[in-house]
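Reader: Could you take me through one part of this model up close, and then show me how that part sits in its surroundings?

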Amino acid sequence: MSASTNNLQAKSPVLHKRGETLIWHFLRNALLCIGIVLIVMPMWLVLINSFKTLEEASQSFFALPRSVNLDNVHELLNGQNYFHHVGNSLLVTVVSMTVVAIFIPMVSYAIARNMRRRYYKFLYTYIMLGLFIPSQIVLLPIVKQMASLNMMNIWGLILLYITFSLTRGVFLFVNYIRVLPIEIEEAAQIDGCTVVQTYFRIVIHLIKPMISTLVIMDALWFWNDFQLPLFLLNRSRDLWTLPLFQYNFKTEYSFDYPMAFTAYLISLLPMLVVYCFCQKYIISGLTAGAVKS
Amino acid sequence: MRKKGFNMDRASFFIITLPALLLYSFFYIYSVILGFYYSMTDWDGLARSFNFIGLDNFKKLLGNKAFFSSVTITFRYALLMVVFTIVLGVLLAVSLNSVKRFKTFFKSVFFFPAMISSVAIALIWDQVFIRALPALGNMFGVENIASPLGNKQTALYAVLFVNMWQSLAMPTVIFIAGLQSIPDELYESALIDGASMFDQFRFVTLPYLVPTITVNAILTLKSGITSFDYAKALTNGGPARSTMLVGIKIYIDAFGETPKFSIANAESVMLFVVIAVLSIVQISISSRSGVNNT
C-alpha cells in the first residue's frame, strides 16, 4: 500500500497523522529485521563452518574460522562429480524453461481470447483440473508409465516438467490476459494483423511482467525440484540433478557436517550468480508492468 | 476474404493449443486415471500380474488408524501454512513495498530462500537445530536444548517452520505484484476522505488483493497438503510418526521396503478427493468478495 502512499506524500499536501506513520514504520522495520536475521543466520553458519575442519567446528560452531581453509572445497570438487550434476540440472532447467516460456503464454492467449467458444472453455476447465489434483496421484503411476516408455531419464523429466507447469502457468496467464483491454488487439486485427502477428507484436509486450514471473517461478522449480527427480532418476547416480546430489550427500557425510555445509555452499553458488541477474529482471519487469497499467 | 482470414485465426488458435492438450492428456490426466485404476487392484508395484479388487483398499484404509492420523497431521500442517502464508505474506509485501531506502537489498534478502533447493534448506536447518540450538542454550545458561525435530510434540512445527522459511518468498512476490497494480488515485481519494492508514489497507488494498490472495491460498493449500520434501529430508515421518504427512506415507507405502503400491494409490485417490472438495469450497468463497469478480 505504501509505495503509492510515499508517492502521495511527495506530491500531495494531505498526509497521514504523524503518530500513525511512526507506529507503522516501527512495526514494519521490526518485522523486516527479524526476517533478515532468520534468513541470513543459517546461511552465515553454513558459510563460516564450511571453512572449518570437523574438530574446529565442533569446538566453536559460531566463531569465525581460524583461517580460510579450502580443503573441503578441494576434496568435494575432486572426489564427487559435482560439475556433472550441475550439467544435468542446467540441461533440465534451460530446456524446460525455454519451452515453457514460449509455449504457456501462447496457449493462455488462445484460451483467454476465445473463452466463449466451447473447445476453449473445455480446455481451460480441463487444464484447471490440475488445481484439484495432488501431485502424488500423478507421480506414482507416472513412474510406471515412464518406465514402460523407457523414459526414466533427463528427457523424460523435461517432458514432465513442461506438462506439469501447464496448470499453474495457464491459470496465471489466462486471468492476467482476460483483464487486458482487447481494443488494441482489435485495432491491430483491423489493420490486417493475423492472430500470430498480433500476439508477437502487441500482446507479448503487455504480458512481459507475467512472463518474467513465470520464468522465475518455473526455473526455480525445475532447478531446485527434489520430488520428481527422486521418483524418476534416483536409481542411477549418473542422472542425479543437484538436489539429488545434495540429498544423497547427507547419507554419505552425515557426521562430517562441515563437509556437508561445503556441499550446500557450492551447490548454492550457481544460483547465487544467476540471482543477481534475476533480481534485476524481476524488479524491472514488475515496474514496467505497473507503469503500463 | 474476411471470412477466410477469420478462419485462419481460428485455426492458428487451435494449433497453438494442440500440443498442450495432447501432453496434458497423456502425461497428466491419463496418469490420474491409471492411479484410480491401480487403487482398485492388489498390485504391490513389482509383480507381473495383479487382480482387480474393487474398493477393498479403500475399506481397509478407512478403518486404518495410521492413515487417519496421517490425514489429521497433514491438515493441521496445511491449514497453519495457509494462515501463516497469507498473513505474513501480505504483511511482508506491504512492508517491502513501503520501504524507501535499501529497497532492492531488502527484497533480495527476502527472496533469497526461494532460490535454494528445499533439500539444501532442510539439511541446513537440520544442522542448525542440532548444532546451533544447544550452543545458543549454553550461551543463555539453558541446559539440554535438543533439536525440536527429535521431539514428537514439536517436530511437526519445526518442519513447518523450515517449510515456511522457504515457501513464503513466492507468495510475497506475487503479493507485491498485486500491490503495484492498485491505482494510486484510490489511495489519494481515500486520503482526502480522511481514511487512516489502516482504513486504506482495509478498504483499498485488501479488496484489490483478494484475487491475489485467492491464487496464493490455492497454491499454498495444495503445496501444504502435498508437502513432501522438507519432512522427507528432515524426519522421514518420525519421530513416532509425528510428521508422517500423507505425502511421506504414500511414498513409503509405494516404494518402501514392503511395497504396497495399490494401497499408496488408494491413499492418493483419497487425498485427491479431499483436495478437490477443499479447492471448490475455497474458490466459491473467495469469488464472492473482491473488486475483480465478474
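Author: Let's begin with burial: a residue counts as buried if 20 or more other C-beta atoms, placed from the backbone, lie within 10 Å of its own, as exposed if 12 or fewer do, and as partly exposed in between. By that count, 45% of the 294 residues of chain B are buried. Bear in mind that this is a predicted model, where local features need pLDDT of at least 70, side-chain atom pairs count only at pLDDT 80 or more, and totals for chains, interfaces and linings use all residues. Residues are numbered from 1 along each chain as its sequence is written, and chains are lettered from A in the order in which they are written.

The part to zoom in on is helix H7 of chain B, residues 169-180. (Helices are DSSP runs of H or I with at least four residues, strands are runs of E with at least two, and both are numbered from the N terminus.) Because 11 of its 12 residues are buried, H7(B) is largely enclosed by the rest of the structure. Among the buried ones are Met170(B), Pro171(B), Phe175(B) and Gly178(B).

Stepping back, chain B has 12 helices and zero strands. Its radius of gyration, taken over C-alpha atoms, is 24 Å, well over the 19 Å from the globule rule (2.2 Å times the number of residues to the power 0.38), so chain B is more spread out than a compact globule. Along its principal axes, the C-alpha trace of chain B spans about 85 × 70 × 30 Å.

How values were computed. Expected span 1.5 Å × (residues − 1).
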